[in-house]
Amino acid sequence: MPTEDILAIADACLVQVYTGQAGGLAAGSTFWEQDTPGIPDSSQMNDRFGNALAWGDFNGDGFSDLAIGVPGQDLGNGPNGGMVIVIYGSATGLDAFAPIAAQVWHQDVPGVPEDGESGDRCGWVVTVDDFNGDGFDDLTFGCPGEGFMIAGVGVAITVYGSGVGLDAFAPIPSQLWLQDTPGIADVGELSDHFSQALTTGDFNGDTFADLAVGVPGEDLGGLASPGAVNVIYGSAVNGLDVPGNQFLHQATPGILGSLQANDHFGSSVASGDFNADGVDDLAVGVPNEDGGGGAADAGAVNVVYGATAGLNAIGNQLWHQNSAGMAADGAEAGDLFGWAVASCDCNGDGFADLAVGVPSEDVAAVANAGAVDLLLGSAVGLSTAGNQFWHQGLTVDAAEQNDFYGMTLAVGDFNADGLDDLAGGAPGDDSPGGTVDAGGVSVLNGDAAGLTAVGNQYREQDAGGEGAVAAFDGLGAGIYGP
């Protein structure tokens, strides 16, 4: 909860961890904050502890470890330098002391490139995968405010896993990625915000994870902020490496859509094998696209399919709420379709599906209640066949003004039935007791048809064992599945 107050410390924030079980997420949760014994540093105003989350096994012991972004953390060189805190898993769950003491990662840690500076906001986003195929997960965190010679150009930092956990020196020294890295396509420019969004996937099918980096502030064609995505490919020797890297946007030959100012292509990214050909594909959110008939900021999502030579324009798709066959709704001004994207196999057919958050969707005249569209995968990729439209009026909660349901999305098999389930954050949701913007998370279960409301759950802090509810906590502003 990146806006939770800790005692009298505004927006210091905390993380709640819910345990999955047969029947869904267990009642009650465990809490982590910077004042928890063993967690580095201490809670400070506007830390935004938990702004981003990702699970991985950094030391290869079979237990999941948790990376927590803290982009508002003040460092020695000024406010909002940002950091990432990693808590390691054990047979008894997350443990700040064993088997490896909780770690802190930022640009002033020995072996990590660059220096921490005011406004870098390292940890705004985090992602995890095995870029060098050694069996240990690796961590990449974004610093979209980094002013590497140019204000707001943005960088990403990768730290590699090992038998002793994340290590800035071995087996591969930690890496600094930006558009001015030699050989990386394009150049860094003012307010590009490289790394504002990150995802991983195997886009060329070589078994090494690759990294897609959203650059939503990228200027192109003389226009401000149409946005772009850089793709960096993994390898055995160097992990992420320059050869074959790509630069994708709506003026890339063959890619659908056209450059428009302030579209912010790359604001969100997700990977999945939507056509089950053994190579991952990339979904890119364009939330400010004037899509579906030109409605301002209605939003869109570009899908680019992978192949042995990497991502390419063959069969690429552009989705919006006026796409032919799209369920239940249409593109409207300010919907922000594509603000969040997440890949799942919710119906268990072996094809990845795509969930698209539409946080400013009006539902039955309720402004900004929010919604989620689900597009199902098939042998020919994503299609509107069987697609679904979800909002909180179809769940145990209700669609209310300014809930912003769908602002965040997370996927996991929370009820252990073999099907992916979908959690959608509604950080503006008022609690059942009337606490303003306390926030909540709705969980829809996977089903042969896609998602189902049968057995759905709603988690909020008014519930027993869920913590003390307070105004503007924004539960659900940052969520992540296993």
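Which residues does Asp397 touch, not counting residues up to four places away in sequence?

## A buried aspartate

In this predicted model, Asp397 touches Gln392, Asp403, Asp429 and Tyr458, leaving aside residues up to four places away in sequence. Asp397 belongs to the loop that runs between strand E25 (383–390) and strand E26 (408–412).

Although Asp397 is buried, it forms no salt bridge. The nearest side chain of opposite charge is that of Arg459, at a distance of 12 Å.

## Overall form

The protein contains 29 strands and 0 helices. Its C-alpha atoms fill a box of roughly 55 × 55 × 40 Å along the principal axes.

Of the 482 residues, 61% count as buried. The protein exposes about 16,000 Å², and carbon and sulfur atoms supply 56% of that area. Among contacts between residues at least 6 apart in sequence, 56% join residues at least 24 apart.

## The largest nonpolar core

In soluble globular proteins, nonpolar side chains tend to be buried together. The largest nonpolar core here has 24 residues. Those with the most contacts inside this core are Phe58, Val84, Val86, Trp105, Leu139, Phe141 and Leu166. Two or more core residues come from each of these elements: strand E5 (52–56), strand E7 (83–90), strand E10 (125–129), strand E11 (138–143) and strand E12 (155–159).

Methods:
Residues are numbered from 1 along each chain as its sequence is written. This is a predicted model: local features need pLDDT of at least 70, side-chain atom pairs count only at pLDDT 80 or more; totals for chains, interfaces and linings use all residues. Side-chain values use heavy atoms; hydrogens and water are left out. A nonpolar core is a set of buried Ala, Val, Leu, Ile, Met, Phe, Trp, Tyr and Cys residues joined through side-chain atoms within 4.5 Å. Buried means under 20% relative accessible area, exposed over 50%, partly exposed in between (1.4 Å probe, protein chains only). Helices (H or I, at least four residues) and strands (E, at least two) are DSSP runs, numbered from the N terminus. Contact means heavy atoms within 4.5 Å. Accessible areas come from the Shrake-Rupley method with a 1.4 Å probe; for residues, only the protein chains shown count as cover. Lys and Arg count as positive and Asp and Glu as negative; His and the chain ends are not counted. A salt bridge is a side-chain nitrogen of Lys or Arg within 4 Å of a carboxyl oxygen of Asp or Glu.
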